[in-house]
Amino acid sequence: MLIQGGCHCGNITFDLTWEPDPAEIPARACGCSFCVKHGGVWTSHPAGTLRVTVRDPSLDPGYFFGTRTGRFHVCSRCGVVPLVTCLLDGRTYAVVNVNSFGNVDRSLLRPVPASFEGEDIDARLARRKRNWIGDVRFAAPPPNAAA
């Protein structure tokens with residue numbers, strides 16, 4: 001399945017290849033204040049491939065908070081957060097926001113609440129390496145992954 005998504009104005013877009021076609025798509029509804037306020041409901045497929053295009057990088061300055069290990073790609077034109085990236089050992093990992101999908105039947109989504117409060121940085125980064133999309137490429141060099 002090719003999942004297409006992005007921000008509302010089209011500045012940040014992505015294509016996520018998810019093979020084989022999923023019977024359902026797990027969606028983690030993060031309970032942190034940022035995700036709640038921005039509608040962050042995240043999914044990933046570790047065996048998937050993610051291709052990201054940022055048409056105007058100046059409109060994607062990135063937002064970091066908490067542990068500062070995840071870069072929230074917030075379009076400053078329309079305010080949508082379509083993905084989060086994390087640079088680990090020279091490799092970019094990502095999760096995508098199911099609320100930014102453009103071509104997925106919403107009945108495939110299986111949202112569950114998620115909380116990562118109390119998770120130390122080592123456990124958080126290990127979880128991302130295991131569970132996030134590990135084949136991430138930007139049409140241009142990825143925006144600065146660190147604060």
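Modeller: Let me begin with the pocket: helix H2 gives the largest share of the lining of the largest pocket, three residues, where helices (H or I, at least four residues) and strands (E, at least two) are DSSP runs numbered from the N terminus. Please keep in mind that this is a predicted model, in which local features need pLDDT of at least 70 and side-chain atom pairs count only at pLDDT 80 or more, while totals for chains, interfaces and linings use all residues. Residues are numbered from 1 along each chain as its sequence is written, and side-chain values use heavy atoms, with hydrogens and water left out.

Colleague: Which residues lie nearest the centre of the largest pocket?

Modeller: Those are Cys30, Phe72, Phe116, Arg124 and Arg128, out of 25 lining residues. A pocket here is an open set of points on a 1 Å grid over the protein atoms alone, where a 1.4 Å probe fits, with protein on both sides within 12 Å along at least five of seven lines, and lining residues have an atom within 4 Å of a point. Strand S3 (25–30) and helix H2 (121–131) each supply at least two residues of that lining.

Colleague: OK, new topic: is Trp42 buried or exposed?

Modeller: Trp42, which lies in strand S4 (residues 41–43), counts as buried because its relative accessibility is 7%, buried meaning under 20% relative accessible area with a 1.4 Å probe and protein chains only.

Colleague: What is Ser100 in contact with, leaving aside its neighbours within four places in sequence?

Modeller: Ser100 is then in contact (heavy atoms within 4.5 Å) with Gln4, Gly5, Gly6, Phe14 and Pro82.

Colleague: Zooming out, how many helices and strands does the protein have?

Modeller: The secondary structure comes to two helices and 10 strands, and along the sequence the pattern reads β-β-β-α-β-β-β-β-β-β-α-β. The radius of gyration is 14 Å, close to the 15 Å that the globule rule gives for 147 residues, so the protein is as compact as a globular protein of that length; the radius is taken over C-alpha atoms, and the rule is 2.2 Å times the number of residues to the power 0.38.

Key
Buried means under 20% relative accessible area, exposed over 50%, partly exposed in between (1.4 Å probe, protein chains only).
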